[in-house]
Amino acid sequence: KQSLLIPQELHYSMVASLRTTLAIFASVQLSFASRQQQAIPSVPNLEEVADCGGVRIENVGSMLGCGADGCAWKVTIGDGQAAILKLARESDAAQKSVKKECSFAKSLQRAGVERALKCLGSCAPGGSAAAVMFPFVPSKLEFGPNMIRLGDKNEHAVVEMIKTSFQMLHSGFVNGDQANNVLYYPESGDPLFIDFGRAVRVTKPLSGISLVRLDAQVKNMLWDLVAATVPPELCGVAKQTVYQQMVQLPPTEFLRSSVAKALKILETRWNKCAEASMLEMYGSPTD
């Protein structure tokens with residue numbers, strides 16, 4: 001009889017445990033949702049942001065969207081051009097991220113990275129970090145780490161995207177998430193690199209686990225940009241542009257070995273492209 005009671009006791013115990021787990025999960029969800037709802041910044045007060053780090057803001061327009069670190073609004077600045085005002089959420093991490101994005105964008109500009117979002121100025125309306133980013137791209141296209149689809153602008157987009165990548169590497173900048181943060185102008189195919197929240201600048205030699213992480217970041221950056229986004233018919237153009245940039249704008253000494261490892265992996269992609277191209281032109285040997 002006692003043996004028959006054990007499964008029943010286990011059953012009750014498991015049910016009670018499951019109920020407790022579900023209750024905790026529901027509580028966490030509600031708490032998270034509440035925090036998220038409270039963390040959304042309100043519309044910026046024009047009087048508070050009228051002078052943001054020396055940038056004159058004439059008008060705060062529509063909200064462009066919200067991300068993990070804050071929300072963005074379209075604004076009109078003193079010269080009549082459209083820009084983006086990014087206002088951080090309340091958390092310390094979000095405040096630091098918005099400040100970092102502005103600082104990083106300024107560093108890219110000083111280093112000569114041409115096709116990257118610029119930070120015109122920063123301020124702290126109501127005590128929250130804010131940054132004025134430029135330019136505002138009204139009719140942007142985003143592909144993420146997927147194939148670029150710009151028709152006859154594809155080649156221009158690929159070449160300029162690779163040049164911008166090597167301008168970054170030449171000055172020690174790495175962003176393993178960059179492919180998810182490239183906008184393209186549909187009229188010209190020009191790329192614009194944005195969102196540097198996960199980007200880093202390497203200014204000293206790394207070793208151990210830090211070097212392993214760096215290798216992974218560089219590999220992700222180059223694979224996603226130079227392989228995943230490039231249409232197969234432009235693999236040859238991509239390879240040629242990469243090796244031209246390796247000569248004209250070689251990676252900084254602290255990134256050289258990581259880039260070399262990434263290029264070995266890229267070669268497999270280029271070889272497959274070449275094989276596919278040969279098959280398309282001449283057919284398989286058994287045809």
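User: What makes up the lining of the largest pocket by class?
Analyst: In this predicted model, where local features need pLDDT of at least 70 and side-chain atom pairs pLDDT 80 or more, totals for linings use all residues. The lining has 16 nonpolar, seven polar and eight charged residues (Ala, Val, Leu, Ile, Met, Phe, Trp, Tyr, Cys and Pro count as nonpolar, Asp, Glu, Lys and Arg as charged, the others, Gly among them, as polar). Residues are numbered from 1 along each chain, and side-chain values use heavy atoms, without hydrogens and water.

User: Which of the lining residues lie nearest the centre of the pocket, and which strands supply the lining?
Analyst: Of 31 lining residues, Ala72, Lys86, Glu101, Ile194 and Asp195 lie nearest the centre. β2 (55-66), β3 (70-77) and β4 (82-88) each supply at least two residues. The volume of this pocket is about 760 Å³.

User: Why are α4 and α6 called roughly parallel?
Analyst: The axes of α4 (residues 154-170) and α6 (residues 235-248) cross at roughly 30° and come within 10 Å. Angles under 35 degrees count as roughly parallel, and therefore α4 and α6 are roughly parallel to each other.

User: Which residues make the contact of α4 with α6?
Analyst: On α4 they are Glu155, Val158, Val159, Ile162, Lys163 and Phe166, and on α6 Val237, Ala238, Thr241, Val242, Gln245 and Met246 (contact means heavy atoms within 4.5 Å). By class, this contact has eight nonpolar, two polar and two charged residues.

Notes:
Axes are lines fitted to C-alpha atoms, for helices over the stretch in contact, and angles run from 0 to 180 degrees between N-to-C directions. Helices (H or I, at least four residues) and strands (E, at least two) are DSSP runs, numbered from the N terminus. Angles under 35 degrees count as roughly parallel, over 145 as roughly antiparallel, 65 to 115 as roughly perpendicular and the rest as oblique. On a 1 Å grid over the protein atoms alone, a cavity is a set of points where a 1.4 Å probe fits but cannot get out, and a pocket is an open set with protein on both sides within 12 Å along at least five of seven lines; lining residues have an atom within 4 Å of a point. Grid points are joined across faces, edges and corners, and a volume is the space filled by probe spheres set on the points.
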